Amino acid sequence: MREYRAHIPQTIGELHDLIGSMMLSSPRFEDHSGYFPGKNIDTEFFALKEGFKVLRKQLGEERYHALVQMADRMRAHFEADPDDKTEDAIRGREIVLDMEDVLAPLEAEEHEDSDGLS
Amino acid sequence: MNYRSSFEIYLRTGRRLEPTRHALQLKFNPWHDPDDGRFTFSGQGSYFRGLGASMAPEKSSSSTDPTTERSDLLRLAQFRPNPRARMGGNGGPPLYDPRTLEDAFPGLNRAPGGVVLSLADNFLDFTGPARAWTRELAVRHAKTLVQQIKALQPNYELNLLEPGGFPASADGQVNLINRLRFDRAKAFYGKGELRPLQIETLRFLQSKVDTAYEEGLRLLRSGRLPVRLSEREALGNFIDFRVRTELRAHYGSNGISIERGQSVQVNRRAHNVSERIYSVPDSRVGDVAFDVTLQEKSLANEQIRRFFRSDFQPISVVIVRPTQPGPRNTYVITRPKGL
């Protein structure tokens, strides 16, 4: 099968999409549709961390380090609850909301790629 | 009294006598096979009364199969089974293979402006109404698709018998067919033809929206999805985020650029320079915009009107919604006149 390549976010809007997408695909991040056979927690957190690097300048050092630290905590929660049975996966998802809050002022500035589903 | 006697009386007396009912020998076999309407022997199939009687057949006393009782009652003698359903011995049902949006939205190419058309019910099926999926069928479809791709792209290589062999499971075979269809669309795209990519984008979006909706509902119902907005709004946003992220990965994994200025875009501004406004379709492929949503949207929505007013002048906007709440949730809106 074709190798799955996670998309590395290039804009704040794309980064927001990736973080938001983790809500429904956590805690395992596997794909059962057949389109992405290689997708897993490693590929998704790789894309997230790489996205932080790409956007480091726009994020600013303080936000960048805060987001990296939040991503590490989020991953630890998901890995502790791979079957979505305990509170850990829920804690991980709550961090998704916290990361959205961190990005919100930047999104307003960028004001691009954030149409939302309404 | 028979016809001959009547004629002799007429010759002798000039009076016309109506032949008696019994004089006419009318043959009538009330027994029919309800599946093909053919005559059967007495006591077999269903019993249909003659003229003047109800068309409802009487059940054969020899038939003891309770599963046929209801369907026999509803079938008329002239019933003919769907010929497509009988295919199988001669290569199976035809491949259901819509290649353009016109194939997936019946009537689209003749529709006037501003019209809403529903997606064909069997869009995500492979065999149309027959619903029979076999390995033989999958191999035949895969070979056909490879030939079509090679016709466009002679150096295309895909060994259907690569390590692991041809997929054994039905899911694996469907995945392979989907991959080949996307490869075909990509080959057309390389030749400047975008319509197959439009239909494959729709196929991907529909599949992903349905999956995300199902997973989102499961999380919501089990109380495992933290939300700050209304549940519906939160679910809609998370589906949107996920579908867009996966669409970017799908294009990227298949080597289709979504950089600014390309014909294929994901969630980028579509400007109307003269009016100094813009809209942001979830995706656009050539002159078709796609919007993923839980809500029903129409030309009454400013967002949809702005799509049509943008400088890329879409000829249609496809509204992609989960299929689980009901059929025909996904539809296309054609470009209205005057916009």
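Predicted model: local features only at pLDDT ≥ 70, side-chain atom pairs only at ≥ 80, totals over all residues.
**Chain B as a whole**

Begin by selecting chain B and colouring it by secondary structure. Eight helices and eleven strands are found in this chain. Of its 339 residues, 31% count as buried. Among the contacts in chain B with a separation of 6 or more, 54% are accounted for by residues 24 or more positions apart.

**Helices H6 and H7 of chain B**

Next, select residues 195-221 of chain B, which form helix H6, together with residues 231-253, which form helix H7. The axes of the two helices come within 9 Å and cross at roughly 140°. That angle makes H6(B) oblique to H7(B). The crossing is right-handed.

Now display the side chains where these helices meet. On the H6(B) side, the residues include B:Phe204, B:Leu205, B:Val209 and B:Tyr213. On the H7(B) side, they include B:Leu235, B:Phe238, B:Ile239 and B:Arg242. By class, the contact of H6(B) with H7(B) has eleven nonpolar, two polar and four charged residues. While viewing these helices, recall a general point: an α-helix has 3.6 residues a turn, so residues three or four places apart point the same way.

**Where the two chains touch**

Show chain A alongside chain B. The contact takes 38 residues from chain B and 28 residues from chain A. On the side of chain B that touches chain A, the elements that give two or more residues are helix H5 (170-190), H6 and H7 of chain B. Which of these elements gives the most to that side? It is H7(B), with 14 residues. By class, the side of chain B that touches chain A has 13 nonpolar, 13 polar and twelve charged residues.

**Helix H1 of chain A**

Turn to chain A and select residues 12-25, which form helix H1. Are the residues of H1(A) mostly covered or uncovered? They are mostly covered, for 14 of the 14 residues are buried. The length of the helix may also be checked in the viewer: at 1.5 Å a residue, its 14 residues should span 20 Å, and the end C-alpha atoms are 20 Å apart, which agrees.

**Arginine 306 of chain B**

Finally, select B:Arg306, which is placed in helix H8 (residues 302-309) of chain B. B:Arg306 counts as partly exposed because it has 18 C-beta neighbours inside 10 Å. Leaving aside residues up to four places away in sequence, B:Arg306 touches B:Ile277 and B:Ser279. B:Ser279 is 27 residues from B:Arg306 in sequence, yet their C-alpha atoms are 5.9 Å apart in space.

Technical notes
Residues numbered from 1 in each chain as written. Chains lettered and ligands numbered in written order. Helix = DSSP H or I, 4+ residues; strand = E, 2+ residues; numbered from the N terminus. Expected span 1.5 Å × (residues − 1). Buried ≥ 20, exposed ≤ 12 C-beta atoms within 10 Å, placed from the backbone. Axes fitted to C-alpha atoms, helices over the stretch in contact; angles between N-to-C directions. Parallel < 35°, antiparallel > 145°, perpendicular 65-115°, else oblique. Left-handed = near helix turned anticlockwise from the far one by under 90°. Contact = placed C-beta atoms within 7 Å. Nonpolar A, V, L, I, M, F, W, Y, C, P; charged D, E, K, R; others polar.
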